[in-house]
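Here are my notes on this model, as numbered points. Please read them with the structure open.

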Amino acid sequence: MPKYPFDVIEPKWQRFWEEHKTFKAEEDPRFPQDKRRYVLDMFPYPSAQGLHVGHPEGYTATDIYCRYLRMKGYNVLHPMGFDAFGLPAENYAIKTGTHPAVTTAANINKFRTQIKSLGFSYDWDREVDTSKSDYYRWTQWIFLKLYEKGLAYEAESPINWCPSCKTGLANEEVKDGLCDRCGTKVTRKRIRQWILKITAYAERLLEDLDGLDWPEPVKMMQRNWIGRSEGANVRFRIAEPLAVSHEAKLHTSSEDLVIEVYTTRPDTLFGATYMVLAPEHPLVETITTAAQKPAVAAYIDSAAKKSDLERTDLAKDKTGVFSGAFAINPVNGAKIPVWIADYVLISYGTGAIMAVPAHDERDWDFAKAFNLPIIEVVSADKPEAGKDYTAEPEACRAAEGWAVNSGQFNGLPTAEAKKRVIDWVEEQGFGKRAVNYKLRDWIFSRQRYWGEPIPVVHCEHCGAEHGSPIVPLPESALPLTLPDVQSYAPTGTGESPLAGITDWVNTTCPKCGGPAKRETNTMPQWAGSCWYYLRYLDPRNDTAFAAKDTIEYWAPVDLYVGGVEHAVLHLLYSRFWHKVLYDLGLVNTKEPFQRLVNQGMILGEDNQKMSKSRGNVINPDDIVKTYGADSMRIYEMFMGPLEVTKPWLTAGLVGVSRFLERLWAIAEKCAPTKRCAPAERNAVPQSGTAPATQNISNYDDLVRLLHKTIKKVSADTDTLNFNTAISAMMVYSNELAKLEQVPRQLWEPLVTMVSAYAPHLGEELWEKLGHAESVSKSVWPDYDEKLTVDDEVTVVVQVNGKIRDKFTVAAGTDKATLEKTALAMPGALKWLEGQTVVKVITVPGKLVNIVVK
């Protein structure tokens with residue numbers, strides 16, 4: 001087979017598509033709503049390393065699907081852009097002094113060139129860059145809307161802190177508890193942060209998952225992250241007298257001396273033998289006795305040096321310190337000690353727990369470590385009359401059962417005990433039923449330079465006059481752009497590098513006209529990616545993030561494809577912002593992404609995740625240069641189902657290349673007689689229509705195979721099962737390759753289907769057939785269902801499940817005839833001799849299984 005000249009063909013058609021804007025999407029009213037599709041890839045962060053072969057997997061899948069949809073008569077929006085704010089560009093700026101914008105622009109140019117080299121049918125006129133001021137102007141505008149709705153607020157919050165670099169670190173900069181830059185052990189530091197109240201939307205974020213066509217594991221991850229639970233908030237009063245300092249007494253009222261806890265197991269309240277506060281809990285300083293102050297202070301300092309992951313590690317030894325204070329268990333009046341321990345986090349629940357060591361592993365370990373009492377209050381077996389349950393249990397048991405040692409609730413099964421205890425707690429006035437979420441409010445700000453400036457100022461005068469020093473910028477002042485700076489180094493105080501640029505920080509309050517200071521925290525990388533799918537709809541609009549009619553034309557995203565690593569944060573944050581915009585009447589749907597597909601990871605040839613450190617990264621530029629973009633596209637889709645993880649094997653490209661070379665060779669056997677008219681395109685032949693000039697003995701068989709192939713490729717492309725669609729096209733092309741001369745009507749439908757998968761070759765073959773217009777403007781071939789059904793079928797004969805014979809009959813033969821024929825087959829008769837037939841199981845068109853004994 002001749003090697004087709006991909007190195008000439010591919011640049012040729014890429015230039016054609018760009019010059020003719022072949023894939024430009026327009027809001028054409030002639031397309032009804034059910035003939036519009038918005039197909040989106042998760043846009044990339046443009047790193048300096050460029051793409052590796054794993055990146056284009058999802059891009060190839062959506063491109064095939066979009067090309068298929070266009071030929072099926074759909075108006076398709078398929079854009080691409082770049083998630084351009086990011087930590088690597090800032091770290092590079094700190095090292096080299098190169099402005100992050102310069103680095104980012106160079107990386108984007110590299111990514112764009114690589115993406116275009118693979119022939120993806122993006123509408124490049126809609127490209128977005130989240131670091132451009134005309135984009136982040138609207139990110140800032142949305143932030144102001146969040147602030148206006150009370151969903152953005154300031155509070156002190158802990159950050160990862162490197163004592164050596166003297167800077168805050170993002171979670172991804174902390175590796176095994178150490179700073180990724182210098183290797184110093186990371187500690188915690190409290191600092192002023194902007195926080196978004198995502199918890200206000202927790203219930204809706206949970207409920208609306210049910211209506212989404214998403215993978216169930218992703219839905220489950222979001223449900224678990226939101227973590228809805230039902231239980232009770234219970235108040236434990238601090239026992240008096242409390243031996244605290246005189247200063248603590250002056251600033252404390254009796255109402256302050258209450259610890260509130262949330263529990264999903266109110267039925268175990270009688271088993272609470274001690275309490276634990278997180279080291280950061282505001283009551284710690286108040287209730288700690290004078291005698292315990294030094295020990296508590298030392299413990300808090302030690303806890304501040306640990307990450308949340310270290311603190312909650314189930315395998316670690318439990319540590320803690322007694323506060324000196326006691327609380328009163330409200331259900332039985334027991335006086336129980338209040339401890340401080342780092343396994344309780346301030347970020348979860350109320351930052352305090354009632355400890356029930358008999359039925360919680362962490363509480364059990366802590367109680368054993370510090371010799372605290374353990375009381376069983378749930379029995380695995382139904383309680384027996386007269387049996388003593390007061391002995392300390394031999395092991396922790398968290399399962400449900402029956403209440404014991406629980407006063408008037410003894411003997412109740414767990415479910416009933418929960419309800420009865422909550423009712424009683426509410427009647428007694430020391431608690432109430434509650435719904436809680438593991439989801440915490442979103443710490444939104446970063447102490448960085450390379451991010452969107454937060455569009456507010458701090459004004460002391462307005463703070464004194466109106467109670468809040470925060471003054472939002474007017475919309476007319478947007479975008480608030482980043483200043484040019486000489487140094488991107490951290491300030492050493494935990495504040496953003498922007499804090500050191502006094503000319504930028506010092507400004508005028510837009511409300512009172514007095515002196516004010518700009519916000520120096522910036523937004524996280526998540527901000528720009530929360531709403532980018534909306535900006536694609538109207539990327540050059542300078543009066544709104546997108547026009548209402550454009551949103552109504554395209555939204556929501558019909559298919560969203562990306563890695564499962566974004567299953568929680570990106571998708572959850574985008575859903576949150578979208579719901580806020582929906583409540584403001586700015587978008588037309590409750591959810592942004594109707595269908596989600598996660599492509600599987602492509603591993604290196606060593607079966608490990610591709611990474612620069614492992615040296616197993618495959619550069620797509622090398623593959624394109626050696627085998628061509630179409631070969632790489634076909635290979636990535638042929639490796640296996642889209643959603644599964646699979647290893648890269650460069651040798652596998654050889655077989656795919658041969659398939660494309662075979663298509664090139666077939667084209668030489670199908671010379672066009674004339675330039676065809678539009679009405680002649682993709683006329684799929686029927687049986688009995690063989691060209692008189694060509695003597696093809698198996699023509700009708702080929703027609704049937706063509707119709708079967710069209711049906712298979714259509715169905716598999718529609719459902720993103722690309723590997724089996726490719727296999728079907730390979731089988732059909734093998735049959736065509738056997739012919740000395742290939743009839744146009746058997747060839748052209750295959751060219752059309754191939755063009756979705758290997759678009760450069762498809763365009764070239766289409767042109768060879770005499771077409772002047774792009775193959776993407778053609779019509780996807782139809783099939784005749786009658787011609788996809790075989791006239792005859794082979795039926796397997798089994799005896800007790802083992803194959804003994806087979807026979808051929810007309811398709812649709814009834815069960816009685818199949819059974820009669822099977823029982824008379826020589827292969828079956830041999831095994832039926834001397835046996836009794838118990839029953840006959842028939843699967844029409846496939847098998848007859850004779851069961852004997």
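1. Start with one pair of residues. Glutamine 798 sits opposite isoleucine 803 of E27. This is a predicted model, so treat every value below as computed from it.

2. The pair belongs to a hairpin. Strand E26 covers residues 792-799 and strand E27 covers residues 802-810; the two run antiparallel and are joined by eight bridges. Further along, valine 795 faces phenylalanine 807 in E27. Two residues lie between the strands of this hairpin. In that turn, asparagine 800 has a positive phi of about 50°.

3. What sheet does the hairpin belong to? E26 and E27 are part of an open sheet of four strands, ordered E27-E26-E29-E28, with mixed pairing. E27 and strand E28 (837-843) are the edge strands, each pairing on one side only. From one strand to the next, the twist averages 20°.

4. H27, residues 815-823, lies across E26, E27, E28 and strand E29 (847-852). The angle between H27 and E29 is about 60°.

5. A second hairpin deserves a look. E11 (residues 321-328) is joined to strand E12 (residues 335-340). Five bridges link E11 and E12, and the strands run antiparallel. Valine 321 is opposite isoleucine 340 in E12. This hairpin has six residues between its strands, and glycine 333 takes a positive phi near 75°.

6. E11 has another partner. Strand E8, residues 228-238, pairs with E11 in the antiparallel sense over two bridges. One place to check is arginine 237, whose bridge partner in E11 is isoleucine 328.

7. Next, helix H10, residues 293-303. Its buried residues are Val296, Tyr299 and Ala303. Viewed down the axis of H10, these buried residues fall within an arc of 65°, so they line one face of the helix. Their cover includes E11 and E12, along with helix H9 (283-287) and helix H11 (308-311).

8. How do H23 and H25 cross? Helix H23 spans residues 699-718 and helix H25 spans residues 744-757; their axes come within 10 Å and cross at roughly 20°. That angle makes H23 roughly parallel to H25. The crossing is left-handed. On the H23 side, the contact residues are Tyr699, Leu702, Val703, Leu706, Thr709, Ile710, Val713 and Thr717. They meet Gln745, Leu746, Pro749, Met753 and Tyr757 of H25.

9. Compare another helix pair. Helix H1 (residues 6-20) and helix H26 (residues 759-768) have axes that come within 9 Å and cross at roughly 85°. H1 and H26 are therefore roughly perpendicular to each other. From H1, the residues in contact are Ile9, Glu10, Lys12, Trp13, Gln14 and Trp17. From H26, they are Pro759, His760, Leu761, Glu763, Glu764 and Glu767.

10. Is asparagine 723 buried or exposed? This residue is in helix H24, residues 722-737. Its relative accessibility is 16%; the cut-off for buried is under 20%, so asparagine 723 counts as buried. Beyond its neighbours within four places in sequence, asparagine 723 contacts Met637, Phe638, Gly640 and Pro641.

11. Helix H3 covers residues 87-96. Leu87, Ala89, Glu90, Asn91 and Ala93 are buried in H3. The buried residues of H3 pack against helix H4 (100-116). Glycine 97 follows H3 and has a positive phi, near 80°.

12. Last, the overall picture. The protein has 853 residues, of which 53% are buried. Its secondary structure comes to 28 helices and 29 strands. The C-alpha trace spans about 110 × 85 × 50 Å along its principal axes. Of the contacts between residues at least 6 apart in sequence, 73% join residues at least 24 apart.

Notes: Residues are numbered from 1 along each chain as its sequence is written. This is a predicted model: local features need pLDDT of at least 70, side-chain atom pairs count only at pLDDT 80 or more; totals for chains, interfaces and linings use all residues. Side-chain values use heavy atoms; hydrogens and water are left out. Two strands pair if DSSP finds at least two bridges between them. Buried means under 20% relative accessible area, exposed over 50%, partly exposed in between (1.4 Å probe, protein chains only). The arc is that of the directions from the helix axis to the C-beta atoms. Contact means heavy atoms within 4.5 Å. Axes are lines fitted to C-alpha atoms, for helices over the stretch in contact, and angles run from 0 to 180 degrees between N-to-C directions. Angles under 35 degrees count as roughly parallel, over 145 as roughly antiparallel, 65 to 115 as roughly perpendicular and the rest as oblique. A crossing is left-handed if the near helix is turned anticlockwise from the far one by less than a right angle, and right-handed if clockwise.
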